[in-house]
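Below are my comments on the model you sent.

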Amino acid sequence: MTINTEIVLVHDGRALLGEGPIWDVRQGVLYWVDILGHALHLFDPVTGQDRAINVGQPVGTVAPRTAGGVMLALRDGFASLDLETEELRLICDPEAHLPDNRFNDGKCDPAGRFWAGTMRLAEDRTGAGSLYCLDRDLTVRKMWSKVTVSNGIAWSLDATTMYYIDTPTCAVVAFDYDLATAAIANPRPVISTPDGPGRPDGMTIDAEGMLWVAYWDGWSVVRWDPRDGRELARIAVPAARTTACWFGGPDLGDLYITSARAGLSETALAGQPHAGALFRARPGVRGLPAFEFGG
Ligand code: CA
């Protein structure tokens, strides 16, 4: 079912690789990143202003931090960023021995740990990445390996399941999740889309426990029921490289969607002039407040 919801262009930022939208309920701003533009962005829907902070290297994702500021997963590891002084502090780099890798997508779990995964920059990248968990005491653990393009991650409403996307698998995999220890076990695909649309990229979960997945080269965001793998709704996006989505706004009913220009030819870009923009839809479902990093 395609939802005939109006999709609005909210910020024509022409990001190379817009990603990682996440709503800060306290600040009332949407954080998002331009991975290849080396920038964290703060979009304020009330003023329409978008503030960019150059972090000097690829930035895979952002998460709000309870202690203030945000956490980032950078090319060179986990970091914190003070949003007032713009001071960046590197915390740890679990892949200091792998200079061809960078961090990609990630999110915090309901216990306030920051999960993020890596990918190799070279074409030959199969299985070269891993998924890491940064605990509140700033120690890091490798949780899963042989990942190719670590992407969307979300937890079920009861926190007993972790959903995860390694993009080339064309699947959302569910793991049993132990919130007390962060242990993951028993991976099994719950949504399989080998025939498209596009490749699964970023993901979020709504207040009804349904998953929203953005499709790279798929011009869409799709809502899925992870219990039976059924497609529930589809939103058409005017950018082929739809990368990620998150619910924000005062009632958490605004679905923000990021997109990319990277890798598209001049001809392709002529057909999607707003590629790299931030879009918004009102699909009639609400999201959840983002979990923050508790360390
Ligand atoms: Ca991504």
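**Notes on the predicted model**

1. Strand S12 is covered on both of its faces: Gly 129, Leu 131 and Cys 133 on one side are buried, and so are Ser 130, Tyr 132 and Leu 134 on the other.

2. S12 belongs to an open sheet of four strands, in the order S10-S11-S12-S13, with antiparallel pairing. The edges are held by strand S10 (101–108) and strand S13 (140–147); each has a single partner strand, so one side of each is left without a neighbour in the sheet. Averaged over this sheet and with direction ignored, neighbouring strands are turned by 20 degrees against each other.

3. The partners of S12 can be followed residue by residue. Strand S11 (residues 114–120) pairs with S12 (residues 129–134) in the antiparallel sense, over four bridges. Opposite Leu 131 in S12 stands Gly 117, and opposite Tyr 132 in S12 stands Ala 116. S12 also runs antiparallel to S13, and five bridges join these two strands. Leu 131 has Trp 144 as its bridge partner in S13. The hairpin of S12 and S13 has five residues between the strands, and Leu 138 there takes a positive phi near 70 degrees.

4. A further open sheet is formed by four strands in the order S14-S15-S16-S17, again with antiparallel pairing. Its edges are S14 and strand S17 (184–192), each with a single partner strand, so one side of each is left without a neighbour in the sheet. From one strand to the next, the twist averages 25 degrees. Strand S16 (residues 171–177) pairs with S17 in the antiparallel sense over six bridges. Within that pairing, Val 172 has Ile 191 of S17 as its bridge partner.

5. Distant parts of the chain are linked here, since Glu 19 is in strand S2 (residues 18–24) and Asn 151 is in strand S14 (residues 150–155), 132 residues apart.

6. The largest pocket holds about 330 Å³ of space. It is lined by 16 residues, and the closest to its centre are Leu 17, Met 119, Arg 125, Val 149 and Trp 216. S10 and strand S18 (199–205) are the elements that give two or more residues to this lining. By residue class, the lining of the largest pocket divides into eight nonpolar, three polar and five charged residues.

7. Some backbone details deserve a look on your screen. Gly 196 and Pro 197 are joined by a cis peptide bond, with omega at about 15 degrees. Pro 197 is placed in the loop between S17 and S18.

8. Where does Cys 170 lie? Cys 170 is in the loop between strand S15 (161–166) and S16. Its phi is near 55 degrees, a positive value in a residue other than glycine. The relative accessible area of Cys 170 is 10%, and the residue is buried.

9. Leu 252 is not a glycine either, and has a positive phi of about 55 degrees. This residue lies in the loop between strand S22 (242–248) and strand S23 (254–259). Leu 252 counts as buried, at 11% relative accessibility.

Note on methods:
Residues numbered from 1 in each chain as written. Predicted model: local features only at pLDDT ≥ 70, side-chain atom pairs only at ≥ 80, totals over all residues. Heavy atoms only, no water. Pairing = 2+ DSSP bridges. Axes fitted to C-alpha atoms, helices over the stretch in contact; angles between N-to-C directions. 1 Å grid on protein atoms, 1.4 Å probe; cavity = no way out; pocket = protein on both sides within 12 Å on 5 of 7 lines; lining within 4 Å. Points joined across faces, edges and corners; volume = space filled by probe spheres on them. Nonpolar A, V, L, I, M, F, W, Y, C, P; charged D, E, K, R; others polar. Buried < 20%, exposed > 50% of the residue type's maximum accessible area, 1.4 Å probe, protein only.
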